[in-house]
Amino acid sequence: MKIWKSTVYLVFAVLLVLGTLAIGGSRASAAINAWTATSYDNVFLDETKPPNASTSIKLATARNEFEAAQIVVKNENSSAFTITGVTFSNLTSGSNTIASSNLKYQFVETIRLNFNSPGFNNYVREGAGWYPDRLTNAATIAVQPGISQPIWIRAYAPKTAAAGSYTGTATVNTTAGNIVVNLTVDVYNVTIPDAKDGTFNTALWQTTSAPISWLTSDPAYDDLIYVYSQVRPGFSAYSADFWTVMDSFAQFMHDYRNNVLSVNMVDLLVHGGSAYNSSTGVYTFNWSRFDEYIQFFLDRDAVKRLEGLFIAQANDYLDGYGVQIIDRDSNNNNIRTFAPTGTAKANNWIDQFVPALKAHLDAKGWTSMWYMHIGDEVSLGNRANQFKYNSDRVRALWPTVKLGDAVFLQDAAEDVQGYSNILIPMIDIYDANAAYYQGRKAAGDELWIYTSGAPQGLYMNRALDKQIWNNRLMIWDAFKDGATGYLHWGYNGWHYLMDDQAMKGDGYIVYPDPANLKLAASLRYEGLRDGIEDYELLKIVQNTNPALADGIVRSLVTNYSNYSRDTAYMSRMREILLRFASGQSFGPDLASGKTATASTQTSGHEASQAVDGNSSTFWQSSAAGSQWLAVDLGSQHQVDAVRLKWGANYATSYKVQTSYNGTVWADAKAVTGGDGGDDFLGINAKARYVRISATASSGSSYTLNSLEIGGYALPKQNLAAGKPYTASSAPSGTYPDSGYESTDGLPGGIFQDGRTWGTQSSGGTQTQNVTIDLGSVQLVNDLRMKRYENYQFNYAADSVSFSISTDGVSFTNVGTLNKTNASGDQYVAVFNAAPARYVKATVTKAYAPTADWLFIDEIEAYGPSGMPTSNLAAGRAYTKSAAPHANFPDTGNVESTDGILAGPYTDGKSYGYSISSGQTISVDVKFDLGANKTLSLVRVKAYDAAPHVYKPDNVKVYTSTDNVNFTLKGDLGAPSAGWFNAIFADSSSRYVKITATKTYGSFADWLFLDEIEIYGY
């Protein structure tokens, strides 16, 4: 591995002990804004409460698993307050209880980065600044004004917990008042194995008593000893304080499932008293410290495998590898040092050490747990030759030993093929040469994965300025590829400071906490554990249904550089995984009992039999070729996945398609080479209709035993769903728009997938206006545009401005968003509800060499929750108490409901009443809605003809059930933003009456009436 060097060693641990922002404060009558976030979210100190943010926590977990969420506390006051702790109630599910001791909290601290890790295409945030990562062990923290403080809330489901939904509370105690958060933990009926018994191997190189590199003379490379001794003078290897810290190491290994113990072989032998007789060349091995160290971790149930570091190390002073040996220094002390490969000293060491090591491991019963490294990061040329030489010499002495070393060059991997039986390619090398590694795996080699600073670009990695979930999803991909381990060099590589690191945080899976003789965890460590736990669940599913496990994992990952970035979808797919692992279906089947139709069907095997919940019945088409089966879900749903159980005649080629309206279809997933049986396909779409369109069969027809659809009904209907739109600039020919790419409910991924459309630029700033016609005036308060997922290049918008209009001419801005205030992967504008028929997104992007395209994805519009969105008056007939003046008639009796706002009073789009001097007139406009409706808003346009004042002086709104007895719902003396708005709650009215009154005045000798809107359902 690359062991980075720095000429400056500051006492970084001291800074961490003080805490990033732990500044004292006084009690204040503070305004506290609180919400919750998930374990997938990086929450920054300047965070604002997202639109529609949750205020409760809901977790889903297996037994013997940790899951986490966050409570975010924002100080809206002018002075600091202190969070004094978080207290938990017991969690209960009927008569069952999970004790509060299984719930923990930690404050998330930020780490300052002086620049971004170079070379990535998608950072969680760009630029220098404070990034959340360290989980402090402090019990309290001060929150400064304007700061959002995330609190990591972690739940553990014991092995003995009964399955069920457990509820309780988490109370954030502060000097400015307490915050109570409802907490639900759904425990599924499945138990994952302990880390020591798990199927996945996690090797994170730990530096404990001495450097793991060849730089033995620099004390700063004794990461643990050096850093802790700066704060606690006298701290030394194998002291009482040392073993206290080792307790923290062991607990972390157990809890975070990094179950491979790094064993610094030569250092432990030197500390145990092993000796070299320089006269005879004979070694005397003392295994006492070696045994003590390993047994300490075994006793704490932390270890699955033992990892020997190293036979040799590449370094800057040797042309190849130096073999790690025990030798005598100038004072005749036994020391750890290096001898060039192939020299007498190097060979003498290997020839005595390897047989002694095997014999000792055999005696201890540890041989089956052992593997070791020959040289690390195999290269070409002389280093490759020396690697082979040392490997041959070791295997001659111990033929069955497991050997494995990381590789970052494919040529080198193939050059040393057969010398290692644990293959550990960097993930980009694997992606580019998957067939090679799968072939070696089939031949009997173990396959692991590896990151170390690289790779960059599109790849998932564990840099501090990448999203937390990179660590989790990388292990999902490892499962897909059949990899059984992950190797990383930098568990506690604290010898180079954050400012000196290129890949930020690469040496800091954990942080030092010398004041408390502990380690401090990181968000990335949490994410890695989450991925390993998910791996064990996937393995449980795979044991009974390999195709199902493969389908689940492929719903999120294609390879290490092409993967979903939708954290909500990740969470839902993980819950589907939990359901399958516990022997359940993947949730309520949205297709069950719904209306199904097909292109053809045979008697007794109609389309409905594919969705009847009975696996013994099936749909059968009357022919093969192009055939389809469609399901109407009845309303808009989030569609997460489909599961198809084919019969005797299965589709070898088919598509899963989705639609909002049953007319315009989007291709959500394509399958070629289908082999029947059980197909699980992740979709992540919004739709009302789902269709299976088959083109090739294994027989003379198609037989589909069941079609299940997973997801949920959307709480609000997307008003823009499937609606047409116009763009100010036509898409470039390479990435065209089908006409519905931005409203088809199917978000895009990588730009070649045809789910987005784009325009190219050669310079300057391009602006694209996308205007959607909702079809009628509706109440809108929430506009969203999915931020294009940046893969190889920066093709997302720099900013998006949303505006609305009732006539498609006059637009009102309702929100402007950019990349820093986007809500996750969406630009979201939430505003006071207002009528609109047209919504417009004005999208801008500045040109750069790697940002020469602008891609536009889904645009959505929503009305307020719990309030009607449809204008019931649109196009509806009405009656008037008096006929308007002949010169300004109500042409066709539609001027108040035609959806067209009037301009000049001469344009024929409104109607008027003349008023004589000293006169006051009132006009009633009455609507029969045809049946009792639930109403909440009536709007009357305040006709504007400046300098004339032709609008009503007063508008009263009444409702009635019988057209006789009317109840006043609004008495409006002044308009707001050009409308008289009567907002009220009316659960049952059929008739609405508007009374407009006006008194004669200067430039006010007419009363004109324009649009009237009634919102309800």
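Mentor: Helices (H or I, at least four residues) and strands (E, at least two) are runs taken from DSSP and numbered from the N terminus. This is a predicted model, in which local features need pLDDT of at least 70 and side-chain atom pairs count only at pLDDT 80 or more, while totals for chains, interfaces and linings use all residues. Residues are numbered from 1 along each chain as its sequence is written, and side-chain values use heavy atoms, with hydrogens and water left out.

Trainee: Where is Phe 310 placed, and what is the peptide bond from Leu 309 to Phe 310, cis or trans?

Mentor: Phe 310 sits in the loop between β17 (305-309) and β18 (312-314), and the bond from Leu 309 to Phe 310 is cis, with omega near -25 degrees. Most peptide bonds are trans.

Trainee: Why is Leu 517 called buried?

Mentor: Buried means under 20% relative accessible area, exposed over 50%, and partly exposed in between (1.4 Å probe, protein chains only). Leu 517 has a relative accessible area of 10%, so Leu 517 counts as buried. Leu 517, although not a glycine, also has a positive phi of about 50 degrees, and is found in the loop between β27 (511-513) and β28 (518-522).

Trainee: How do you know that Asn 684 counts as buried?

Mentor: Asn 684 has 12% relative accessibility, which is under 20%, and therefore Asn 684 is buried. Asn 684 lies in strand β36 (residues 678-697), and its phi is near 60 degrees, a positive value in a residue other than glycine.

Trainee: Which residues does Trp 349 touch, not counting residues up to four places away in sequence?

Mentor: Contact means heavy atoms within 4.5 Å, and the residues that Trp 349 touches include Val 266, Tyr 283, Phe 285 and Val 354.
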